[in-house]
Amino acid sequence: MYRFLLTPRWWGINVFVLLAIPFCIYMGSWQLGRFEDRVDTHRDAEEQVASDQQEAPRPLDRLLPVTKATSGKQTTATGRYDEQLLVPDRTLDGEPGHYVLTLLRTDTGKALPVVRGWLPGDPDPAKAPPVPTGEVTVTGALQASETPGNNGVSARGGLPDGQTAAISAASLVNLVPYDVYDAWVTLNRGDAGMKAVPASAPGGTGLDLKAFQNLGYTAEWFAFVGFVIFMWFRLLRREVELARDAEIGLLPDGEQEQEPDAASERSGSPSAV
């Protein structure tokens, strides 16, 4: 009954199955490994951010430009606060609110964006703490410029005066008449009673869309394994049923219609003339 497994057709099917299953398992395991690597990188980055808070702050110029190695490092800068902006659509501890961003004019002539803290609710310049006067020294975690549309950063335009969607030199240079550092600092302690904004891990180290794509591909490859096995058993069952039907004389309809004519030809009946 199972002699059909030795036919060329079934040799091809069996070889395909024997190659497809380990290939799918390998690809699924590889994608799972990529996801696990991203999880480990994310965990290491968060631990590094916490560790950086215990380090002594270093001057800003020694940490620029911002890289994965310097992002989150403690830095210090001295200057005078200038223009203040509000950054809407920022959530802290699950509560919607906004950042209070003030530009610190340094001796270099450039301004350093400083997030002095977070406030709940919609941005309102009247409720924002006033800008401190005189020379100040700030200490906080160094952060890379944000990219609109990534990591929850809003990309919407048309904001009211005094607001910016992203904290980046590219966005701020159009709002102030002086150069801006391609970096920003979040204070370790919120100024004027505001909540401090925690430092975030460097870009490319979090559980982003790519990480969950790896997880999705993992599920797809292992699903292919199950599909290949299912289809092989389904084809096998069909062939076995056809073989059993042939043994008891139950042939498919097309073959049954041709059987009488074949018998007539063998018997020499008029139908064959």
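Predicted model: local features only at pLDDT ≥ 70, side-chain atom pairs only at ≥ 80, totals over all residues.
**Exercise 1. The chain as a whole**

*Solution.* Finally, consider the contacts with a separation of 6 or more, of which 67% are between residues 24 or more positions apart.

**Exercise 2. Glutamine 31 in its surroundings**

Determine whether glutamine 31 is buried or exposed, and find which residue's side chain it joins through a polar contact.

*Solution.* First locate the residue: glutamine 31 belongs to helix H1, which covers residues 8-52. Its relative accessible area is 8%, and since buried means under 20%, glutamine 31 is buried. Next, setting aside neighbours within four places in sequence, list its contacts, which are Asn214, Tyr217, Thr218 and Trp221. With asparagine 214, the side chain of glutamine 31 makes a polar contact of 2.8 Å.

**Exercise 3. Aromatic pairs around tryptophan 221**

Work out how the ring of tryptophan 221 is arranged relative to phenylalanine 23 and to phenylalanine 224, and state where these residues lie in the chain.

*Solution.* A pair of aromatic rings is described by the distance of the centres and the angle of the planes. The chain contains 5 aromatic pairs. In the one formed by phenylalanine 23 and tryptophan 221, the centres are 5.6 Å apart and the planes make an angle of 85°, which is an edge-to-face arrangement. Because phenylalanine 23 lies in helix H1 and tryptophan 221 in helix H3 (residues 209-247), this pair ties together parts that are 198 residues apart in sequence. Phenylalanine 23 is partly exposed, its relative accessible area being 45%.

Now take the pair of tryptophan 221 and phenylalanine 224, which is also edge-to-face, with 5.5 Å from centre to centre and 90° between the planes. These two residues are 3 residues apart in helix H3, so about one helical turn separates them. Phenylalanine 224, at 39% relative accessibility, is partly exposed. Elsewhere, ring pairs link Trp10, Trp232 and Phe233 into a cluster.

**Exercise 4. Nonpolar cores and charges over rings**

Identify which members of the largest nonpolar core touch the most other members, and which rings have the charged end of arginine 105 or arginine 116 over them.

*Solution.* The largest nonpolar core has 16 residues, and those touching the most other members are Tyr99, Leu101, Leu103, Val115, Ile167 and Leu172. Strand S2 (74-92), strand S3 (95-106) and strand S4 (111-120) are the elements that give two or more residues to this core. Leucine 101 illustrates the surroundings: beyond its neighbours within four places in sequence, its contacts include Leu85, Val87, Val115, Ile167 and Leu172. Another core, of 15 residues, lies apart from this one, and among its members are Val66, Tyr81, Val114 and Val185.

For the charges, the end of arginine 105 sits over the ring of tyrosine 178, at 4.0 Å from the ring centre. The charged end of arginine 116 sits over the ring of tyrosine 81, at 5.7 Å from that ring's centre.

Key: Residues numbered from 1 in each chain as written. Heavy atoms only, no water. Helix = DSSP H or I, 4+ residues; strand = E, 2+ residues; numbered from the N terminus. Buried < 20%, exposed > 50% of the residue type's maximum accessible area, 1.4 Å probe, protein only. Polar contact = N/O pair within 3.5 Å; in protein donor to acceptor, adjacent residues only side chain to side chain. Contact = heavy atoms within 4.5 Å. Phe/Tyr/Trp six-rings, centres within 6.5 Å; stacked < 30°, edge-to-face > 60°. Lys NZ or Arg CZ within 6 Å of the ring centre and 35° of its normal. Core = buried A, V, L, I, M, F, W, Y, C linked by side-chain atoms within 4.5 Å.
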